[in-house]
Amino acid sequence: MENLSFDRTLTELDHVRLTNLLLRDKRSGSTGSQQTLPIEQLLDAADIVPCREVAPDVVTMHSRVLLKDLQTGEKSMLTLCYPPLADASAGFVSVLSPVGWSLLGRRVGCTVTWPTPSGGERMAEILELEFQPESVGQFAV
């Protein structure tokens, strides 16, 4: 599993919303309440900044990210979203998925890794942030 303790930056709003989402899921029993999820580790370890102060190259919720798969060289565009909006065929990836939490809080130029269902690992470079809500003044998306 990826080491989540290194440089990650989250906005205050993303941190609060994700914390509340996980608390609701644990109360309803929809996630393994005894097991710590990688996103929980990320929430504990990340640097938290006000929405208006997040750097424009940091992946936040609703960011559209251009990735380059380091094994195949294939490029793909993904939008980081909350679970109800996830639609892999349209490029909307849940923040609670392995690729989702691997992207959250990372910067353009970083290499991200995430586990695959088969037990392997995928790696990609964040090439570009095509869209970040905070950089265009959308602070409450």
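The model is a predicted one. The exposed surface comes to about 7300 Å², and carbon and sulfur atoms supply 51% of that area.

Next, switch to a cartoon view. The protein chain has 3 helices and 7 strands. Followed from the N terminus, the elements run β-α-α-β-β-β-β-α-β-β. The radius of gyration is 14 Å, close to the 14 Å that the globule rule gives for 141 residues, so the chain is as compact as a globular protein of that length. Along the principal axes, the C-alpha atoms fill a box of roughly 40 × 40 × 30 Å.

Now consider how the chain meets itself. Among contacts between residues at least 6 apart in sequence, 59% join residues at least 24 apart.

For the charges, select the charged side chains. There are 12 positive and 18 negative ones. The centres of the two sets lie 3 Å apart.

**Helix α2**

Select residues 38-45, which form helix α2. Which of its residues are buried? They are P38, I39, E40, L42 and L43. In general, an α-helix has 3.6 residues a turn, so residues three or four places apart point the same way.

**H62**

Move on to H62, in the loop between β2 (47-49) and β3 (64-69). Is H62 buried or exposed? H62 has a relative accessibility of 18%, and it counts as buried because the cut-off is under 20%. Its phi is near 75°, a positive value in a residue other than glycine. Most residues other than glycine have a negative phi.

**Q132**

Finish at Q132, in the segment after β7 (121-131). With a relative accessible area of 2%, Q132 is buried. Show the residues around Q132, leaving aside its neighbours within four places in sequence: the contacts are V54, A55, P56, V58, T60 and S63. What lies 3.0 Å from a polar atom of the side chain of Q132? The backbone oxygen of A55 does. To see this pair, show the side chain of Q132 together with the backbone of A55.

Notes. Residues numbered from 1 in each chain as written. Predicted model: local features only at pLDDT ≥ 70, side-chain atom pairs only at ≥ 80, totals over all residues. Heavy atoms only, no water. Helix = DSSP H or I, 4+ residues; strand = E, 2+ residues; numbered from the N terminus. Buried < 20%, exposed > 50% of the residue type's maximum accessible area, 1.4 Å probe, protein only. Polar contact = N/O pair within 3.5 Å; in protein donor to acceptor, adjacent residues only side chain to side chain. Contact = heavy atoms within 4.5 Å. Rg over C-alpha atoms; globule rule 2.2 N^0.38 Å. Areas by Shrake-Rupley, 256 points an atom, 1.4 Å probe, with all protein chains shown as cover. Lys, Arg positive; Asp, Glu negative; His and termini not counted. Charge placed at Lys NZ, Arg CZ, Asp CG, Glu CD.
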